[in-house]
Amino acid sequence: MAAKKRYGDRKDGRKIRSLAPYETVSPYIMVTRGDAQNFFIDKFETSAADRYVRQKRNEGLEGFGITHVLLAAYVRIISQKPRVNRFISGQKIFSRNRIEVNM
């Protein structure tokens, strides 16, 4: 059941009202999109995922690939760590109503 819409909420997200004061400062420090970007380079082992993809393809899922595995992992992370699914608009922090993936 979705939370009741309150004053200040948006159609695509709910305004976060329970933040600590030091967490509400970041939208004023990182004003532009470029300021708020995080980049990292990492490597991870994919042999188990490759075996899983091969197994699913042998079971009849012809279009199944590593992208499906990564998207499923992303959805699981968002469901367990909802703070990752937040955005800033107008120096206010919102929590998204849905999980969306753009490619």
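Colleague: Which element of the protein chain has the highest mean pLDDT?

Modeller: This is a predicted model, where local features need pLDDT of at least 70 and side-chain atom pairs count only at pLDDT 80 or more, while totals for chains, interfaces and linings use all residues. Residues are numbered from 1 along each chain as its sequence is written, and side-chain values use heavy atoms, with hydrogens and water left out. pLDDT is the predictor's confidence in each residue, from 0 to 100, and elements are DSSP runs numbered from the N terminus: helices are H or I with at least four residues, strands are E with at least two. Helix α1 (residues 26–29) has the lowest mean, 83, and the highest, 96, goes to α2.

Colleague: And what does the protein chain average in pLDDT?

Modeller: 98% of the residues score at least 70. Where pLDDT is low, the predicted coordinates should not be read in detail. The average for the protein chain is 88.

Colleague: What pattern does the protein chain follow along the sequence?

Modeller: There are 3 helices and 3 strands in the protein chain. Read along the sequence, the order is β-α-α-α-β-β.

Colleague: What radius of gyration does the protein chain have?

Modeller: Along the principal axes, the C-alpha atoms fill a box of roughly 50 × 35 × 20 Å. The radius is taken over C-alpha atoms, and the globule rule is 2.2 Å times the number of residues to the power 0.38. A compact globule of 103 residues would come out near 13 Å, but the protein chain has 18 Å.

Colleague: What share of the 103 residues counts as buried?

Modeller: Buried means under 20% relative accessible area, exposed over 50%, and partly exposed in between, with a 1.4 Å probe and protein chains only. By that cut-off, the buried share of the protein chain is 16%.

Colleague: On to the rings: how are the planes of Tyr52 and Phe64 arranged, stacked or edge-to-face?

Modeller: The structure holds 2 aromatic pairs; rings of Phe, Tyr and Trp (its six-membered ring) pair if their centres lie within 6.5 Å, with planes under 30 degrees apart stacked, over 60 edge-to-face and the rest tilted. Tyr52 and Phe64 have ring centres 5.9 Å apart and planes at 75°, so the pair is edge-to-face.

Colleague: Where do Tyr52 and Phe64 sit in the chain?

Modeller: Tyr52 counts as partly exposed at 38% relative accessibility, whereas Phe64 is buried at 16%. The pair links distant parts of the chain, 12 residues apart: Tyr52 is in helix α2 (residues 47–58) and Phe64 in the loop between α2 and α3 (66–80).

Colleague: How about Phe87 and Phe94, stacked or edge-to-face?

Modeller: Phe87 is buried at 11% relative accessibility, and Phe94 is buried at 3%. Their ring centres are 5.4 Å apart and the planes meet at 20°, so the pair is stacked.

Colleague: Which residues does Asn85 touch?

Modeller: Asn85 lies in the loop between α3 and β2 (86–89) and is buried, at 9% relative accessibility. Contact means heavy atoms within 4.5 Å. Leaving out residues up to four places away in sequence, Asn85 touches Ile78, Phe94, Ser95, Arg96, Arg98 and Ile99.

Colleague: Last one: what is the phi of Gln91?

Modeller: Gln91 lies in the loop between β2 and β3 (92–96) and is partly exposed, at 33%. Most residues other than glycine have a negative phi. Gln91 is not a glycine, yet its phi is positive, at about 60°.
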